[in-house]
Amino acid sequence: MGRMNTYAVKVSRDGRWWLIEVPELEAVGQSATLAQAEEAAREVVSLMTDQPTDGFAVTLTIELPTEARTLWDESRKSAALARELELQAAADARRAVAMLLDDGYSQADIGRALGLSSQRVNQLAKSAA
């Protein structure tokens, strides 16, 4: 079987409807929900090309208002930074406990000094080893 054509489809909100655009075919359609957008795109391409709806691929690009997309992208960056900082904080906590243990502090004293339960000190000590 030959290589399947892929059609780029732009999907954007237009009032209460989702506008489906297939620039390559200069064709448009609509769907009531975003969940129906791919099916609607396939129907548009099928009608314009006389191919069955499973005879090609579509790639949807969902266009959102610029401000919302920017905020979303920033939120993803912030979440990634938070994960990175959390990993660093955990590594620092393990090193601090290991350092105090090496200096001869008991796990009970470390817990009292750092405001941790003895179980948490034990976990940090094991994961630092």
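1. The protein chain holds four helices and four strands, and along the sequence they follow the pattern β-β-β-α-β-α-α-α. Helices (H or I, at least four residues) and strands (E, at least two) are DSSP runs, numbered from the N terminus. Please keep in mind that this is a predicted model, in which local features need pLDDT of at least 70 and side-chain atom pairs count only at pLDDT 80 or more, while totals for chains, interfaces and linings use all residues. Residues are numbered from 1 along each chain as its sequence is written, and side-chain values use heavy atoms, with hydrogens and water left out.

2. Of the 129 residues, 22% count as buried, meaning under 20% relative accessible area with a 1.4 Å probe, protein chains only.

3. The four strands form an open sheet in the order β3-β2-β1-β4, with mixed pairing; two strands pair if DSSP finds at least two bridges between them. β3 (27–31) and β4 (57–63) are at the edges with a single partner strand each, so one side of each has no neighbour in the sheet. Neighbouring strands are turned by 30 degrees against each other on average, direction ignored.

4. Strand β1 (residues 6–14) pairs with β4 in the parallel sense over seven bridges, and within this pairing Val 9 has Leu 60 of β4 as its bridge partner.

5. Helix α1 (residues 37–49) lies across β1, β2 (17–22), β3 and β4, and runs at about 150 degrees to β3. Here contact means heavy atoms within 4.5 Å, and axes are lines fitted to C-alpha atoms, for helices over the stretch in contact, with angles from 0 to 180 degrees between N-to-C directions.

6. Which aromatic rings pair up? The ring centres of Tyr 7 and Phe 56 are 5.7 Å apart and their planes stand at 90 degrees, so this pair is edge-to-face (centres within 6.5 Å; planes under 30 degrees apart are stacked, over 60 edge-to-face, the rest tilted). Tyr 7 is in strand β1 and Phe 56 in the loop between α1 and β4, so the pair ties together parts 49 residues apart in sequence. Both residues, Tyr 7 and Phe 56, are buried.

Terms used:
Rings of Phe, Tyr and Trp (its six-membered ring) pair if their centres lie within 6.5 Å; planes under 30 degrees apart count as stacked, over 60 as edge-to-face and the rest as tilted. Buried means under 20% relative accessible area, exposed over 50%, partly exposed in between (1.4 Å probe, protein chains only).
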